[in-house]
Amino acid sequence: MNGLQLTTLGGGTRNVDGDALDRFATGLHGALVRPGEDAYAEATSIWNGIITRRPAAVARAGSVADVKRTVAFARDNEIELSIRGGGHNIAGLALSDGGLTLDMSQLRSVRVDPGGKQARVAAGCTLGDVDRATQEHGLASTLGFVSATGVAGLTLGGGFGYLSRRFGWTVDGLEEVELVTADGAVLRASRTEHDDLFWALRGGGGNFGVVTEFVFHLHEVGPEVTGGLIAWRADRAEDVLDTFRQISASARRELTLVAIRRNAPPAPWVPQELHGTPIVVVVVCHSGTAEQAQADLAPLRALGDSFADLVVAKDYVAQQTLLDATQPKGNHYYWKSEFVPSLSDGLLEAYHAQFADLQAPANQLVLFQVAGALNERAEDDGAVGNRDAGFACVAQSMWTPDSPAADANREWVRAAWRAIKPFSTGGNYVNFQTADEPEERTEESYRLNFERLRAVKAKYDSTNLFRVNRNIRGG
């Protein structure tokens, strides 16, 4: 095997000779993949096409032993190491440019204990893997809302989705993790074992080791829920958002609503004459009874004049894939987020103002309702914090790789974010931070929990081996 030049932890390069690479590769249950090989394109293909990083090699883990071996190889050779789970992070944190990527995507097992209401999830699983396995038993965990998202990245950043109002952040249902630390140890962390590490892993990102297994508590949800979307022309936007606010303030926690303003996509549910015109959409997920859902949604339907009402009884797994088509792999994505406590008049005025004369086909501003169970825990119950969040407000842009509007789309997102930020709790969602976000934004994600995270980082990763993330340096 020929040698390789790899990026080092210090930012330089180091030649690793062929004999050393051969010894490393032959000991793997998986495989070491290099540029030019057939598997390389797949191993480095991630969701956000704006990311152009290319690792010098990819270690495709086939076992926990492979994870240990790869961590040791990177540590001993002082090589920059990135960890790929689902490859769905918007900042492209799955890849290290010129470094070594540890690809966990082959580790896809989900073991469900229906009696104990528990799922053991390997770190390469997507949300869809987990939803399909748990729904065979009418059970679910709080996961996100695009099924191709990796469980590892979602969870380590805190995680939220349609069930957050009932059960909290994703990490509020996390019971235990197995991980490989920088010194090569395989640890189990929970509230009773390595509890400081477990606290940090509940929202602190990939700063502390490589998680190989997550253990989630499961709840009785589904297999059928009421879900879908209702859409109106934009001239109804103020009425729709006012009703959205009223329902959000009083609805039972089985109901989660998501408000979206944008221009209409060329989707089958949109009349052709409305394609490209301004619309307002409310996405619905109701995990209660059909009768409760009908009662809770009555005020929305009483608005009338919707051009689409796709809210029906459906499998929970289908609800979890509802938005998949809106985020195709390979397009370019740029987002900014803030958590807001409530929908004040000023916030809604700023929200609506972003759509005056908007020409972009896929720019949107999302208000995702999360208030409920997560607000009932202490701010330091897990590193995730943000226990004062009522909604996640996210400015999003998407464009095709050949679009000339890339700079204009980024600036629209930044302008929308600046308009919304005065109404923020002061926190934002670390998983939605883009590659150009300054370090201060990461600190804002954790606020009062940040210094404690630095202390845990210093204890478990004093050399900052795990740095290809929203990095927290030990203090």
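In which sense do E8 and strand E12 pair, and over how many bridges? The views below take this up. The model is predicted: local features need pLDDT of at least 70, side-chain atom pairs count only at pLDDT 80 or more, and totals for chains, interfaces and linings use all residues. Residues are numbered from 1 along each chain as its sequence is written, and side-chain values use heavy atoms, with hydrogens and water left out.

**View A. E8 beside E12.** E8 and strand E12 (residues 210-217) pair in the antiparallel sense, over five bridges. Strands (E, at least two residues) are DSSP runs, numbered from the N terminus. Pairing requires at least two DSSP bridges between two strands. Glutamine 118 stands opposite histidine 217 in E12.

**View B. The hairpin of E7 and E8.** Strand E7 (residues 110-113) pairs with strand E8 (residues 118-122) over four bridges, in the antiparallel sense. Valine 112 has alanine 119 in E8 as its bridge partner. Four residues lie between the strands of this hairpin. Lysine 117 takes a positive phi near 50°.

**View C. The largest pocket.** Its volume is about 800 Å³. A pocket is an open set of points on a 1 Å grid over the protein atoms alone, where a 1.4 Å probe fits, with protein on both sides within 12 Å along at least five of seven lines. The volume is the space filled by probe spheres set on the points, which are joined across faces, edges and corners.

**View D. The pocket lining.** The largest pocket is lined by 38 residues, each with an atom within 4 Å of a point. Arg262, Pro265, Thr326, Gln327 and Gln364 lie nearest the centre. E21 gives the most to the lining, five residues.
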